[in-house]
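Subject: Structure handover and notes

Dear colleague,

Here is the structure I said I would pass on. My notes on it follow below.

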Amino acid sequence: MNAPKLFIVIPCYNEEEALPITAARLTELTDDMIGKGLISDKSRIVLVDDGSKDKTWQVITALHEKDVRFRGVKLAHNAGHMKALWAGMTLSDGECDCLISIDADLQDDVNAMYGMIAAYKDGADVVAGVRSSRKTDSAFKRMTAQGFYKLMKKMGVEMVYDHADYRLLSARALSALLSFGEVNMFLRGMVPMLGFNTATVEYERGVRVAGESKYPLKKMVAFAVDGITSLSVKPIRMITTVGIIAALVGVGLGIEALVKVIGGQDAGQIAQSMSVWFLGGCQLTALGVVGEYIGKIYLETKRRPKFILDTYLKED
């Protein structure tokens with residue numbers, strides 16, 4: 001196999017502090033890979049500015065002017081991490097033999113790309129970067145992450161454990177993924193649905209090179225909800241089951257109250273109050289879950305673009 005043309009796509013949001021460090025490491029890495037004949041000298045690094053409020057775009061522009069291997073993509077507004085990544089992949093489709101996505105903070109070890117390229121050359125269309133451990137995480141982070149993967153599995157969403165969005169896609173896997181039409185995207189669950197030959201490469205996750213995390217607890221919870229409601233209908237089925245059980249409990253309480261009345265006993269207000277609160281809670285929960293899905297349907301039917309391009313800097 002000839003040296004593949006690799007595109008590295010990096011979503012960036014307020015990363016002016018991290019980008020110079022990230023760019024230097026990736027420049028060194030790609031220089032080494034090109035020198036060893038692992039990738040083509042036509043390989044590129046695509047930096048996607050997801051509507052940053054700091055000087056991220058100025059940094060990207062300076063990198064592009066200094067080295068043509070850096071391409072810059074500026075979105076017209078903050079579309080979100082998934083859609084920024086999607087924008088970079090869309091603009092790279094048809095130009096590369098394989099593509100690697102990685103975050104700008106470089107917590108994911110860039111050296112794992114050597115293993116990804118090796119797996120790609122061995123025939124893998126998808127290579128997932130998998131964390132070998134979570135020793136750098138806090139106890140709370142480890143607990144919530146493990147709970148997230150277990151929950152997603154129970155909800156019927158196929159995912160690679162301890163894998164985020166650090167992955168390699170071959171040209172055909174990339175094109176197949178971009179054929180998905182949904183607006184609400186959960187790439188960690190969508191990529192396994194491709195069904196192509198998949199390999200994994202383990203790496204040790206480090207600390208952020210600079211700046212602050214863009215995923216606080218609130219965003220992580222929203223991310224989990226998006227993942228479940230975008231790819232699974234199990235919550236609706238679970239609510240249906242709970243609704244049937246709640247209805248049967250209500251019927252049972254009604255029969256018990258009727259028997260007591262016939263026997264001349266006071267049925268009491270406690271059973272009635274409990275049944276009202278229980279059934280009311282189930283109904284509100286069911287409405288919330290159904291509403292979440294209706295909201296997703298509402299957004300899908302609008303067919304809004306996943307991203308709006310402002311500027312695209314590439315070599316002439």
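What covers the buried residues of α2? The cover includes strands β1 (6-12), β2 (44-49), β3 (70-75) and β8 (309-313), together with helix α1 (19-35). Please keep in mind throughout that this is a predicted model.

Overall

The protein has ten helices and eight strands. It has 316 residues, of which 42% count as buried. Of the contacts between residues at least 6 apart in sequence, 83% join residues at least 24 apart.

Helix α2 spans residues 56-66, and its buried residues are Thr56, Trp57, Val59, Ile60, Leu63 and His64. They sit on the same side of α2, because the arc they cover around the axis is only 160 degrees. Glu65 and Lys66 are exposed, on the face of α2 turned away from the buried side.

How do α1 and α2 pack, and at what angle? Their axes are 10 Å apart, at an angle of about 30 degrees. The two helices are therefore roughly parallel to each other, since angles under 35 degrees count as such. The crossing of α1 past α2 is right-handed. On the α1 side the contact is made by Leu19, Pro20 and Ala23, and on the α2 side by Thr56, Val59, Ile60 and Leu63. By class, the residues of this contact of α1 with α2 are six nonpolar, one polar and no charged.

In α4 (112-121), the buried residues are Ala112, Met113, Met116, Ile117, Ala119 and Tyr120. Seen down the axis of α4, they fall within an arc of 160 degrees, so they line one face of the helix. The buried residues of α4 pack against α1 and against the strands β1, β4, β5 (126-131), β6 (163-170) and β7 (198-203).

The axes of α1 and α4 come within 11 Å and cross at roughly 40 degrees. These two helices are therefore oblique to each other. Here too α1 makes a right-handed crossing, in this case past α4. Leu26, Leu29, Asp32 and Met33 of α1 make the contact with Met113, Tyr114 and Ile117 of α4. The contact of α1 with α4 has six nonpolar residues, one charged and no polar.

After α4 comes Gly123, with a positive phi near 115 degrees.

Helices α3 and α6

Helix α3 covers residues 81-92 and helix α6 residues 171-178; their axes come within 10 Å and cross at roughly 125 degrees. That angle makes α3 oblique to α6. The crossing is left-handed. In the contact, Trp86, Met89 and Thr90 of α3 meet Leu174, Leu177 and Leu178 of α6. Five of the residues in the contact of α3 with α6 are nonpolar, one is polar and none is charged.

Ser92 is also found in α3. Is Ser92 buried or exposed? With a relative accessible area of 0%, Ser92 is buried. Leaving aside residues up to four places away in sequence, Ser92 touches Phe7, Val9, Val46 and Leu99. The C-alpha atoms of Ser92 and Ala171 are separated by 9.5 Å, and these two residues are 79 apart along the chain.

Two residues with positive phi

Most residues other than glycine have a negative phi. Which residues depart from this without being glycines? One of them is Asn14, with a positive phi of about 55 degrees. Asn14 lies in the loop between β1 and α1, and at 23% relative accessibility Asn14 counts as partly exposed. Leu106 is not a glycine either, and has a positive phi of about 55 degrees. Leu106 is in the loop between β4 (98-101) and α4. At 5% relative accessibility, Leu106 counts as buried.

Regards

Technical notes
Residues numbered from 1 in each chain as written. Predicted model: local features only at pLDDT ≥ 70, side-chain atom pairs only at ≥ 80, totals over all residues. Heavy atoms only, no water. Buried < 20%, exposed > 50% of the residue type's maximum accessible area, 1.4 Å probe, protein only. Helix = DSSP H or I, 4+ residues; strand = E, 2+ residues; numbered from the N terminus. Arc of directions from axis to C-beta. Contact = heavy atoms within 4.5 Å. Axes fitted to C-alpha atoms, helices over the stretch in contact; angles between N-to-C directions. Parallel < 35°, antiparallel > 145°, perpendicular 65-115°, else oblique. Left-handed = near helix turned anticlockwise from the far one by under 90°. Nonpolar A, V, L, I, M, F, W, Y, C, P; charged D, E, K, R; others polar.
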